[in-house]
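This briefing covers the confidence, fold, helix geometry and surface of one protein model. The points below are grouped by topic.

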Amino acid sequence: MFGIGGGELVFILFIVLMLFGSDKVPEIARTMGKAMAQLKNATNDIKSEIQKGAEANGLDTKSLNSLTGNINAEIESAKSNLLGDTTNLLGDTTTEIDKVKEDIDSLSGPIKRQR
């Protein structure tokens, strides 16, 4: 719960008890519970209003999924058109590097690495 361990929670409860007293703590807890319930009801109301608005405009989860699926398919086809066939790019580069290494070795002899 919010990264708070058992010892820290007990310490916080002790501080709250010291600040507000034992007669006010149940009242504060009751008020916080009511506030949390109202917040939950408000978020559920907002979710239902958004869902009703989407359904009124002809948007349901199936149509949204098909729409996003079409967008994803278009993105993938654009990627493949832009990149094309990239499998042969590295093969050409390594053969050119090997040729240059052989040319350098033939001119100066093999390079010895020092440690």
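Confidence in the protein is lowest in helix H3 (residues 61-83), with a mean of 72, and highest in H1, at 89; pLDDT is the predictor's confidence in each residue, from 0 to 100. This is a predicted model, in which local features need pLDDT of at least 70 and side-chain atom pairs count only at pLDDT 80 or more, while totals for chains, interfaces and linings use all residues. Residues are numbered from 1 along each chain as its sequence is written, and side-chain values use heavy atoms, with hydrogens and water left out.

**Confidence**
- The mean pLDDT of the protein is 79, and 74% of its residues reach 70 or more.
- Where pLDDT is low, the predicted coordinates should not be read in detail.

**Secondary structure**
- The protein has 4 helices and 0 strands; helices (H or I, at least four residues) and strands (E, at least two) are DSSP runs, numbered from the N terminus.
- Read from the N terminus, the order of elements is α-α-α-α.

**Helix geometry**
- Helix H1 (residues 6-20) has 15 residues and should span 21 Å at 1.5 Å a residue, which agrees with the 21 Å between its end C-alpha atoms; the expected span is 1.5 Å times one less than the number of residues.
- Just after H1, glycine 21 has a positive phi of about 90°.
- Helix H2 (residues 25-56) has 32 residues, and its first and last C-alpha atoms are 46 Å apart, close to the 46 Å expected at 1.5 Å a residue.
- Glycine 58 follows H2 and also has a positive phi, near 85°.

- Of the 115 residues of the protein, 0% count as buried (buried means under 20% relative accessible area, exposed over 50%, partly exposed in between, with a 1.4 Å probe and protein chains only).
- The accessible surface comes to about 10800 Å², of which 62% belongs to carbon and sulfur atoms; areas come from the Shrake-Rupley method with a 1.4 Å probe, and for residues only the protein chains shown count as cover.

**Residues of H1**
- Valine 16 lies in helix H1 and counts as partly exposed because its relative accessibility is 28%.
- Leaving out residues up to four places away in sequence, valine 16 touches Gly21 and Val25; contact means heavy atoms within 4.5 Å.
- Isoleucine 12 also lies in helix H1, and its relative accessible area of 40% makes isoleucine 12 partly exposed.
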